[in-house]
Amino acid sequence: MQNIDEPAVALVVAAGSGTRLGGPVPKALVEIGGRPLVRWSVDALAAGGCDRAVVVVAAELIDDFRVALAEASIPVELVVGGSRRQDSVAHGLAAVGEQGIVLVHDAARPFVPAQVVQAVRRAVGSGAVCAIPVLPVVDSIRRVGTEGSVVVDRSELAAVQTPQGFDIATLRSCHLRAAELGLEVTDDAAVCEAAGHPVTLVPGAREAMKVTEPFDIVVATAIAAARVASGSEGPVAVDLNKEKQ
Ligand code: CTP
Ligand code: MG
């Protein structure tokens with residue numbers, strides 16, 4: 001039985017190759033503000049109430065990740081990943097234990113505010129099987145097909161972020177089922193939903209952005225500088241009026 005303030009295990013997936021970002025090392029090892037992204041991510045999860053982390057990495061980079069995480073704020077166990085994100089999560093789940101709460105997080109979202117991590121963790125601690133952070137979509141959206149394109153009502157849409165929180169036993173059984181059925185998914189909420197479980201939404205944050213393309217490094221560098229200057233793990237205050245004075 002969970003309780004609202006139960007600590008969670010962080011499952012941080014960092015075994016991707018970072019093709020869209022480019023560069024000599026996968027993005028989890030890219031340094032911003034003096035720390036690799038994976039270290040920012042683990043510390044962000046610790047600030048939101050995770051008491052240990054399982055970090056999933058590419059086999060050939062295990063020594064680099066050991067160095068990158070040597071001074072992380074919670075104990076870290078490294079596990080070797082798979083060829084798709086969902087395979088990496090499945091490998092990590094084998095190391096998180098049998099019960100409790102797990103927060104599955106993209107290493108590529110290094111600046112998720114502690115408040116978002118805590119909201120996800122507390123939703124599961126309060127009884128949700130699966131809780132995810134979401135944001136409203138700000139652009140107009142069109143569905144594009146071979147016959148042209150058609151507008152989509154964006155008020156019905158939400159962008160999904162991580163960490164995504166789960167009851168460990170449920171997520172493990174849903175991943176086994178997904179593997180048996182050969183399901184292809186882009187996140188773990190979809191794995192749970194496919195097994196018939198409800199998904200609880202909590203507010204996400206712009207700072208939980210995923211570093212995906214070179215442009216994102218510009219934004220991430222600015223966030224890191226603000227965090228280092230303020231010494232906080234919370235959202236960076238953007239005061240537009242200050243610029244005008
Ligand atoms: N990931 C993983 N194992 C994989 C693929 C992805 O652990 N086989 C992780 C990435 O390291 C990242 C997160 O899943 O932290 C989100 O994936 P994405 O942003 O797509 O990262 P990459 O797959 O590394 O980037 P790209 O798709 O541009 O190659
Ligand atoms: Mg990818």
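Let's start at P163. P163 is found in the loop between β10 and β11. Strand β10 covers 158-160, and β11 covers 164-167. Keep in mind that this is a predicted model.

Is the peptide bond from T162 to P163 cis or trans? It is cis, with omega near 10 degrees. Most peptide bonds are trans. So this one deserves a second look on your screen.

Next, a pair of strands. Find β8, residues 141-145, and β9, residues 148-152. They pair in the antiparallel sense, over 5 bridges. What joins β8 to β9? A hairpin does, through 2 residues. Opposite G145 stands G148, in β9.

On to ligand 1. Where does ligand 1 sit? In the largest pocket. How many residues surround ligand 1? There are 18, and the closest are V13, G18, T19, S88 and K210. Sort that shell by class. You get 5 nonpolar, 7 polar and 6 charged residues.

Now the polar contacts. Take the backbone first. A polar backbone atom of A15 is 2.8 Å from an oxygen atom of ligand 1. At T19, a backbone N or O atom lies 2.7 Å from an oxygen atom of the ligand. Then the side chain of S88. One of its polar atoms lies 2.7 Å from a nitrogen atom of ligand 1. How much of the ligand's area does the protein cover? On its own, ligand 1 has 560 Å² of accessible area, and the protein covers 87% of that.

Terms used. Residues numbered from 1 in each chain as written. Chains lettered and ligands numbered in written order. Predicted model: local features only at pLDDT ≥ 70, side-chain atom pairs only at ≥ 80, totals over all residues. Heavy atoms only, no water. Near = heavy atom within 4 Å. Polar contact = N/O pair within 3.5 Å; in protein donor to acceptor, adjacent residues only side chain to side chain. Areas by Shrake-Rupley, 256 points an atom, 1.4 Å probe, with all protein chains shown as cover. 1 Å grid on protein atoms, 1.4 Å probe; cavity = no way out; pocket = protein on both sides within 12 Å on 5 of 7 lines; lining within 4 Å. Sits in = over half its atoms within 2 Å of the grid points. Nonpolar A, V, L, I, M, F, W, Y, C, P; charged D, E, K, R; others polar. Pairing = 2+ DSSP bridges. Helix = DSSP H or I, 4+ residues; strand = E, 2+ residues; numbered from the N terminus.
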